[in-house]
Amino acid sequence: MAAPLDGGPPAPEAPQVDPRFPVPERLSGQKSGEDWKAFFARRLEENKKKQAKESPAQRQSRESREQAAKSHNIPGKSSTATVFEWQPQHEYGDFLLRIRLIKAEVPSTWGNYSNSTRLYDSFRNEWDLCDQLDPTSTPDGDWEEDFFDVSDPIPDPLPPPPPAPPSLSSFLQDIRNYFGPSTTRSIGGSTAFDSWVDKQKFSHVCNIVGDSGKDVDSISDMQQHVITCFVGYLVTLPATQLSEIPSDHWDLAPGTPLSTSNAFIRVSYLDIPGQERLYIIQPSQSRSLVPWKLVVPDAATAVMCLRRDWGSDISTIALELLKKGITFKTLQPMAVPPSARRPLSELRTYSLGYFRPPFKAVYADYITYEQYRHEFMKEDRARAALLRGGILWRLALHSLGFDILPSVLIGISQDAVPFGQMLSLNGETHFDDDLSEEEVDFICGTYYVYTSKFPYPY
């Protein structure tokens, strides 16, 4: 180690580079003079050590990535996987160098390899494309098909099938399914209500709720009258009196004769002090197969679960909600001592920082933000962003992709108990992963800029 002239601490030695071999690319992980066989052998030993130390949550997340990679789909723009190609260096006797591909290069390169010449490292979320893994393999792409039309001639198209009879629109189908054949007498609420109902045509009522009304003939006159009365209450009654709508006019009313039942699941609700009502989705005929409870924050989502044919498997129902970006919670009951809860100050949080004016974000700031967001999304507790739905769900998908969704439902992360959300349901303590307000701002790309004594979001 060389000593500096000024007597300071010795400078570190530069990494040893063998001049007989090309210089490895930075961050490729390949050592100077290391061929592809030695590289993969070293990585195999390193991965064995990583596997021995990984937590159950980390193992489950890794195995989920490994399972998704078996399809050998091309990593898309939203994928966080890195792709390396082993390229021969002709000036060094065709020595193979591990070169990282940019995202724009991946689609055109992927088809030059087959399943046997692509190797996925689930510990690092990396793909290696290397012909030497199987020199006899045939690439997925075929240059002859790219340049010549070798397919069979296209036969004449078959005549189109006769058009199917028109089906009921979703709104009118709900009317038929859930209002049933019997109806009850409506109770007028006021002179304004009676006047509104008397002068309305049912086709106009359908338009109010966003339906074309083209299938009105399939709804009986009595059913049309009940629906018109319900909409009339919404139009004429003040918000403080909506609870007075007769229960035989809406299917969420207490004691309503209108059906919202499901043969496989049941819905109960719980009022949390200081919070809005929560709705719990449970199997009606069997025990739940997941360790957590599916909880949705609004009645509309609860009714949607009842009206969809999603079966009794709670994880299947939750996955359907997750695919649609609908908010829900996975509250897991756990008995832990009070000391298990820790202040958020002990948790590593992410932020884009605080700045003094004048500050204006530029493109480089956006790239940095995306890198930080991708890094945060690798945390197990980042599943909370997908459970939030909406824009947070969309941004999380951009970093993780749809393949990660099933692993979100395995259960809460290790950070849920000390730092996540804690709720008491029927005297039992439940936990779920959650995001702090600062983390929500960070995921959405918020910078804080001081205007006086306090910063405001930018």
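## Exercises on a predicted model

The second largest pocket has a volume of about 890 Å³. The structure is a predicted model.

**Exercise 1.** Which residues lie closest to the centre of the second largest pocket, and which elements give two or more residues to its lining?

*Solution.* 
- Step 1. Start at the centre. The lining holds 29 residues, and the closest to the centre are Thr80, Ala81, Thr82, Arg100 and Lys103.
- Step 2. Move to the elements. Two or more lining residues come from each of β1 (82-89), α3 (106-110) and α11 (363-377).
- Step 3. Pick out the main contributor. Helix α11 gives the largest share, six residues.
- Step 4. Sort the lining of this pocket by class. Twelve residues are nonpolar, seven are polar and ten are charged.

**Exercise 2.** What is the strand order in the open sheet of four strands?

*Solution.* 
- Step 1. Trace the sheet from one side to the other. The order is β2-β1-β4-β3, and the pairing is mixed.
- Step 2. Find the edges. Strands β2 (95-100) and β3 (118-121) each pair on one side only.
- Step 3. Take the angle between neighbours. With direction ignored, neighbouring strands of this sheet are turned by 25 degrees against each other on average.
- Step 4. Look at one pair. Strands β1 and β4 (residues 126-129) run parallel and are joined by four bridges.

**Exercise 3.** Which strands form the edges of the six-stranded open sheet, and in which sense do its strands pair?

*Solution.* 
- Step 1. Write the order. It reads β5-β6-β7-β8-β11-β10, with antiparallel pairing.
- Step 2. Read off the edges. Strands β5 (265-271) and β10 (421-425) pair on one side only.
- Step 3. From one strand to the next, the average is 35 degrees.
- Step 4. Check a pair inside the order. Strand β8 (residues 329-333) meets strand β11 (residues 428-432) in the antiparallel sense, over two bridges.
- Step 5. Name a facing pair. Gln332 is opposite Phe431 in β11.

**Exercise 4.** Which strands does helix α10 lie across, and at about what angle does the helix run to β7?

*Solution.* 
- Step 1. Locate the helix. Helix α10 spans residues 314-324.
- Step 2. Helix α10 lies across β5, β6 (277-283) and β7 (293-296).
- Step 3. Give the angle. Helix α10 runs at about 35 degrees to β7.
- Step 4. In the six-stranded sheet, β5, β6 and β7 follow one another in the order.

Definitions and conventions:
Residues are numbered from 1 along each chain as its sequence is written. This is a predicted model: local features need pLDDT of at least 70, side-chain atom pairs count only at pLDDT 80 or more; totals for chains, interfaces and linings use all residues. Side-chain values use heavy atoms; hydrogens and water are left out. Two strands pair if DSSP finds at least two bridges between them. Axes are lines fitted to C-alpha atoms, for helices over the stretch in contact, and angles run from 0 to 180 degrees between N-to-C directions. Contact means heavy atoms within 4.5 Å. On a 1 Å grid over the protein atoms alone, a cavity is a set of points where a 1.4 Å probe fits but cannot get out, and a pocket is an open set with protein on both sides within 12 Å along at least five of seven lines; lining residues have an atom within 4 Å of a point. Grid points are joined across faces, edges and corners, and a volume is the space filled by probe spheres set on the points. Ala, Val, Leu, Ile, Met, Phe, Trp, Tyr, Cys and Pro count as nonpolar, Asp, Glu, Lys and Arg as charged, and the others, Gly among them, as polar.
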